[in-house]
Amino acid sequence: MRTVQAKVLIVLLFLGLTGAAAQAASLKIENETDTPIYKVYISPSSYTSFDLHDYLGDNIIESSETWVVQWRAGDICHWDFRVIFRNGQRATSYGNNLCVLNDPIWHVTASNVDDSGD
């Protein structure tokens with residue numbers, strides 16, 4: 001009986017660990033522009049506006065630098081990403097399906113820059 005209980009406990013622990021891992025998400029941002037990135041915003045695609053949490057905090061992604069952002073995604077697959085540059089311009093990427101992308105990388109280039117309002 002103890003062997004069965006031990007096996008059940010191991011399976012439950014395994015399911016708990018894999019469930020927690022499935023809730024984590026990450027995005028590698030490569031700044032391929034000449035302007036430093038000062039802010040990074042991430043929100044589920046179902047939201048009508050971006051979350052106000054800046055995932056960079058006091059950090060800056062300089063030109064030619066790479067930064068990895070991590071957050072808890074839960075069971076949400078589709079995410080929108082936005083960066084704000086030092087000069088106030090921004091770049092946005094919509095509808096990224098993280099459930100099918102392994103190790104997603106966003107190459108932020110000059111062609112991604114949009115300085116219009118929401």
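The link of Cys77 and Cys99 is left-handed, with -85° about the S-S bond. It is a disulfide, meaning a pair of cysteine sulfur atoms within 2.5 Å, and here the S to S distance is 1.8 Å. By this rule the count comes to one disulfide. The pair ties together distant parts of the chain, 22 residues apart. Here is where each cysteine sits:

| Cysteine | Loop between |
|---|---|
| Cys77 | strand S3 (66-72) and strand S4 (78-85) |
| Cys99 | strand S5 (90-97) and strand S6 (105-108) |

Keep in mind that this is a predicted model, where local features need pLDDT of at least 70, side-chain atom pairs count only at pLDDT 80 or more, and totals for chains, interfaces and linings use all residues. Residues are numbered from 1 along each chain as its sequence is written, and side-chain values use heavy atoms, leaving out hydrogens and water.

Cys77 counts as partly exposed because its relative accessibility is 24%, and that class lies between buried (under 20% relative accessible area) and exposed (over 50%), using a 1.4 Å probe and protein chains only.

Now to the strands, which are DSSP runs of E with at least two residues, numbered from the N terminus. Three of them make an open sheet in the order S3-S1-S6, with mixed pairing; two strands pair if DSSP finds at least two bridges between them. S3 and S6 are the edge strands, each pairing on one side only. On average, neighbouring strands of this sheet are turned by 25° against each other, direction ignored, with axes fitted as lines to C-alpha atoms and angles running from 0 to 180 degrees between N-to-C directions.

Strand S1 (residues 24-31) runs antiparallel to S3, and seven bridges join the two. Ser26, for one, has Gln70 in S3 as its bridge partner.

How values were computed. Helices (H or I, at least four residues) and strands (E, at least two) are DSSP runs, numbered from the N terminus.
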